Amino acid sequence: MSGRVANIVGLVVAGVVGLAVLFLGPQWFELDTVLNITVYMIMAVLALSLALIWGYGGILCFGQSAFFGLGAYTYAIAMFNLGDSTLPLALSIAVPAAFAALLGYFIFYGRISDVYLGVITLTVTLILFNSINSTAGPEFHIGVARLGGFNGIPGIPPLNMPFNKDWQVDLNGMFYLSTGSLIVVYFGLRALLASRFGRIVVGIRENERRAELLGYDPRAYKLATFTIGAALAGYAGCLFANWGAFVSPTIFGLAQSAQIIIWVIVGGRGTLIGPILGCIGIQWLTAALGANAPAATGGWAGLLGNAPLILGAILTVFVLVVPKGFVPTLADLGSRFSRPREVSA
Amino acid sequence: MDLIALLAFQVLYAIASLALISIGLAVIFGMMKVINLAHGEFLMLGGYAAIEANQRGINIWIAMLVVAPIVVGLIGMIVERAIIRWLYGRIVDTMLATWGLSLFLVGLTTAIFGNTTVGLSAPLGSFEIGRYRASEYLAFVIVLALAELLAVLAALRYTRLGLIARGTMQNGAMAAALGVNPSRVYSVTFGVGAALTGLAGGVLAPVSGVFPTIGVAYVAKSFITVIGGGAAIVAGTASASTLFGAINQLATYATTPVFGEVALLAAAIVLIRVLPQGVTGRFFRRSL
């Protein structure tokens, strides 16, 4: 099977599976399962945003949750002030994108190296977390929306049809919207990466100096990639704020950022399907282990239900043992087994 | 006047505590170019080591100044053997692996000690600055931080071990050809960095208390102090913590502690943009 055929088969399979989940999900599953799948889909969009920035752009952003949280908060605040979700939705994408553009300009045009980029994104995430966390008093408000500090913002109104306040998205509607978004984002990113722009971005990841000598400006391409990734993360944040009708500062937190990185590294950098599978798999795993062992359980079951412990161990082991992630490693194995046959034929 | 003296004391303490929590990371980063994101958890473990030892009847000074560094130093050497060793030269992978370790340690300590704050009552009393009273223990922390920086400097410059360590970091192959075992040097260096971190964790335990997620509060601060300081270990830590500590404390005084922290982080971002090589990349370049 040549690479091109494999690619097309992969696309078709992804499309069929995606559409099957989209149309059959609510028929197959109970409502609570549908709700769980909805949040998996939203988080998978978030995973894709880092898959683009890190897996293809080679920019390790420790603060992807900052954009996610910014999107969620922007949506919530705008929604309380405006009431109609058309503009809040647009803002929840535009504000994180603008923030990322500003931050990225600062980073990429300052030619700050990888490690420092990690430090800066980490620091920015902490600044946002600390600032929002301390806004519990009634004096902190934007328009009529109170920021709520560590209590978060409850009761966020749901999305509605553009310019039609009465047609609100219900729980099943949220499922269709999230799953549909994931499918659109996945294929959109595939198209983006197959375009001239995407190829240059990957070229820069592989060898920045060479791309520069060929006449491309890596700073501009990295900035664009970073901004697109932040916009996607902001959109995921908007969906997340809808899903639970609640946002709190923990979505800015480092634990959230670590999760996103774990999804991508487990699934595989340099693929899009890997981070989606990694995201769904890890979330399912932590939910299953947590349900098995409520917080107070002692002994081994208690340790397994301890999400940071398990996630941390997964992250360290993957970096040491499977640094490429699942999907690329499986693909390597597959090509190792198929190659001898080609030779003998 | 009294107020200014008190404020100066607080600024000094802010600087000293930053230097204290950063020097271990600076040794590890400066010598080995390894960024240990589990640094905050090493501090946390130092705190728990001191508290546990003290509860078992060990004198509080010995618990803080001896037990904590030894325990964390040993943990550091184990971590170097098990994780860091495989990732030399892959700086981003090291960051990720140690971040995983950091989460793992948070989970583990939560399972063992529970998700509550435990404290250690600070020894020593208080002294008067004019009309105000200040804690003698904080004064002790300031003196200790200064002594620690000088000790690291002296060890690097005047001891055989420091010479070997610096030589190995500069050119491992050459050091090996001259009969040094580089892997042992790395292991010891990482252990020393971890021990310094454990010491800081133990000493700060009476001030801030200890809980499993306390590392998050420390890691970014020490991280940016080290990065802001640049390549020179002692001069970099001293200059960056002076700068950031002063900014933090003055902003805290003018507004709230939260905003003080935000001001510190924001100042760090600006500093990295202006001086990408850190303070010692531009000034005091020949220092250690």
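Predicted model: local features only at pLDDT ≥ 70, side-chain atom pairs only at ≥ 80, totals over all residues.

User: Why is Lys33(B) called partly exposed?

Analyst: The label comes from counting neighbours. A residue is buried with 20 or more other C-beta atoms within 10 Å and exposed with 12 or fewer. Lys33(B) has 14 such atoms, so it falls in between and is partly exposed.

User: What makes the phi of Ala245(A) worth a remark?

Analyst: As background, most residues other than glycine have a negative phi. Ala245(A) has a positive phi of about 55° although it is not a glycine. Ala245(A) lies in the loop between helix 9 (218–244) and strand 6 (246–247) of chain A. With 13 C-beta neighbours inside 10 Å, Ala245(A) counts as partly exposed.

User: How do you know whether Gln64(A) is buried or exposed?

Analyst: The cut-off for buried is 20 or more other C-beta atoms within 10 Å, and Gln64(A) has 29, so Gln64(A) counts as buried. Gln64(A) is in helix 3 (residues 64–82) of chain A. Leaving aside neighbours within four places in sequence, Gln64(A) is in contact with Ser49(A), Leu50(A), Ala233(A), Ser257(A) and Ile260(A). The C-alpha atoms of Gln64(A) and Thr125(A) are separated by 8.3 Å, although the two are 61 residues apart along the chain.

User: Which residues have the most contacts inside the largest nonpolar core?

Analyst: Val45(A), Ala47(A) and Leu48(A) have the most contacts inside that core, which has 199 residues. The largest share of this core, 17 residues, comes from helix 1 of chain B. Take Ala47(A): beyond four places in sequence, its contacts are Ile260(A), Trp263(A), Val264(A), Pro275(A), Ile276(A), Gly278(A) and Cys279(A).

User: How do you know that chain B agrees with a compact globule?

Analyst: With 288 residues, a compact globule would have a radius of gyration near 19 Å; chain B has 19 Å, so the value agrees. The C-alpha atoms of chain B fill a box of roughly 65 × 45 × 35 Å along the principal axes. There are 12 helices and two strands in chain B, and 51% of its 288 residues count as buried.

User: Why do strand 1 and strand 2 of chain B count as a pair?

Analyst: Pairing needs at least two bridges between the strands. Strand 1 (residues 126–129) and strand 2 (residues 132–135) of chain B have four bridges, in the antiparallel sense, so they pass that test. Phe127(B) stands opposite Ala134(B) in strand 2 of chain B. The two strands form a hairpin with two residues between them, and Gly130(B) in the turn has a positive phi of about 60°.

User: Which residues of helix 6 of chain B are buried, and what puts them on the same side?

Analyst: In helix 6 (residues 160–170) of chain B, the buried ones are Ile164(B), Ala165(B) and Thr168(B). They cover an arc of only 100° around the axis, which puts them on the same side of helix 6 of chain B. The buried residues of this helix pack against helix 1 (2–32), helix 7 (172–177) and helix 8 (182–208) of chain B.

User: How many residues of chain A are in contact with chain B?

Analyst: 34 residues of chain A are in contact with 35 residues of chain B. Helix 5 of chain A gives the most to the side of chain A that touches chain B, with 12 residues. By class, that side of chain A has 23 nonpolar, 10 polar and one charged residues.

How values were computed. Residues numbered from 1 in each chain as written. Chains lettered and ligands numbered in written order. Arc of directions from axis to C-beta. Contact = placed C-beta atoms within 7 Å. Nonpolar A, V, L, I, M, F, W, Y, C, P; charged D, E, K, R; others polar. Core = buried A, V, L, I, M, F, W, Y, C linked by C-beta atoms within 7 Å. Rg over C-alpha atoms; globule rule 2.2 N^0.38 Å.
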